[in-house]
Amino acid sequence: MSTLPRFTLPLPAADFLRDYWQRKPLLARASATGLAIPDPDTLAGLALEEGVESRLIMGAQDSPWTLRHGPFDEDDFRTLPEQNWTLLVQSVDYCLTEVSLLLDSFDFLPPWRLEDIMISYAVRGGSVGPHFDQYDVFLIQASGQRRWQLGPACDADTPLQPHDSLRLLADMPVQEEHLLGPGDVLYIPPGVAHWGIAEDDDCVTWSVGFRAPRRADLLARLTDECLADMPETLFTDPGRDLPQDAAGLSDADVQALTEQALSLLTPERTRRALMQLLSEPRQGNQNGPDFAGLDFEVDTGHIRAAAPHATLVRRGSTRLLADASGLWLNGEHVPLPDDSRGLGTYLASRRLYDAPSLAQHAGEAGMELLNEWIEQGFFVSLE
Ligand SMILES: [Mn+2]
């Protein structure tokens, strides 16, 4: 039977957000299904592609760690040792639309907070070493078994092993240990030390990662957007008091200058800057990803069999947000026609669409727009 990837929180979403999200790890046994696609060969195939971000990590507790970046060639895979290596492929949801459908299970968080799905394939003993991440992650065991050890919360001062690119912890006191089998899920908040070691061959783990923009990047984007086409207006100070401090800058003046500068960050312009930034596809490091020109085939037969009511699917590489001004598609703003105001919200809040709902949300002009997006590859028809 065909099934789509699915994750279900083992507790009410409001309780998860209150007690666990960004606070402490959560182990959720038997809470994910539909994880058979991609098979290991398909995953390895992605790592051969220019523009797909992949890594091969070899090493173990008492053998040295090495890191290589893809794209790889078939010889790289033929010459691998029997144990202690892991292949990691980033943003598999962008490449394989079937995988991206798992993200509909994370509707207890806003869509802009989702980043991507990394999938790792390991043989016995394979791991990426003891480390911590800056981002929240849901680790979903798809096949095989992986032993996860959890340590304390870390920060920029936590001692690391001397290695130029793998940021491995010098020491990880184990506070919790869990053996995860297929369907088991472990949520880890930012900063918590963790180390997952494959217990057998064919150990496949999906990592749902989240987007947390750097505060400096947010400020830069806000100011860029708010300064664009801004008429030149100068500081004003009618009715000012006599100066208390003849040589300096008073606190009242600091406040007035700052307030007048920040008044340029109008709600309308800040919303536009944020919608644009947060609807942009994931920006990888210098090794990718660049999905322009990477047009992976969508397994429509599989999706149709698993979701018979769906007539349209969003391609995995299409990132959408919607607000009253329209739809934001991969960083581009698209105003919606008057007869299709509700189309943006409908499209941006899920990845599978059915004909009656489309007819309800899109008028004639909206359907025309949708057909253009299908032609451009942002959506794929299942009919
Ligand atoms: Mn990690």
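Asn-330 is partly exposed, with 13 other C-beta atoms within 10 Å. On this scale a residue is buried if 20 or more other C-beta atoms lie within 10 Å of its own, exposed if 12 or fewer, and partly exposed in between, with C-beta atoms placed from the backbone. The phi of Asn-330 is near 45°, a positive value in a residue other than glycine. Asn-330 belongs to the loop between β16 (326-329) and β17 (332-334).

Before going further, please keep in mind that this is a predicted model, in which local features need pLDDT of at least 70 and side-chain atom pairs count only at pLDDT 80 or more, while totals for chains, interfaces and linings use all residues. Residues are numbered from 1 along each chain as its sequence is written. The pLDDT is the predictor's confidence in each residue, from 0 to 100. The protein chain averages a pLDDT of 93, and 97% of the residues score at least 70. Over residues 285-289 the pLDDT is below 50, yet this stretch has 13 contacts in the model beyond near neighbours in sequence; a contact means that the C-beta atoms of two residues, placed from the backbone, lie within 7 Å. Where pLDDT is low, the predicted coordinates should not be read in detail.

β16 and β17 pair in the antiparallel sense over three bridges, and Leu-329 has Glu-332 in β17 as its bridge partner. Strands count as paired if DSSP finds at least two bridges between them; the elements themselves are DSSP runs, with helices (H or I) of at least four residues and strands (E) of at least two, numbered from the N terminus. The open sheet here has three strands in the order β15-β16-β17, with antiparallel pairing. β15 (320-323) and β17 stand at the edges with a single partner strand each, so one side of each is left without a neighbour in the sheet. From one strand to the next the twist averages 25°. Helix α8 (residues 267-278) lies across β15, β16 and β17, and runs at about 160° to β15. Axes are lines fitted to C-alpha atoms, for helices over the stretch in contact, and angles run from 0 to 180 degrees between N-to-C directions.

Another hairpin is worth a visit: β4 is joined to β5 through two residues. Strand β4 (residues 54-60) and β5 pair in the antiparallel sense over five bridges, and Ile-57 has Leu-67 in β5 as its bridge partner.

| Cis peptide bond | Omega | Loop holding the proline |
|---|---|---|
| Ile-37 and Pro-38 | about 10° | Pro-38: between β3 (32-33) and α2 (40-46) |
| Gly-70 and Pro-71 | about 5° | Pro-71: between β5 (63-69) and α3 (74-78) |

Ser-91 also has a positive phi, near 55°, in a residue other than glycine. Ser-91 sits in the loop between β6 (85-89) and α4, and counts as buried because it has 27 C-beta neighbours inside 10 Å.

Finally, the domains. An automatic or database assignment sets their bounds, dividing the protein chain into domain 1 (6-210), domain 2 (215-238 + 247-271) and domain 3 (309-381). The centres of domain 1 and domain 3, taken over C-alpha atoms, are 31 Å apart. Their contact takes 12 residues from domain 1 and 10 residues from domain 3. On the domain 1 side, α4 (92-95) and α5 (97-100) each supply at least two residues.
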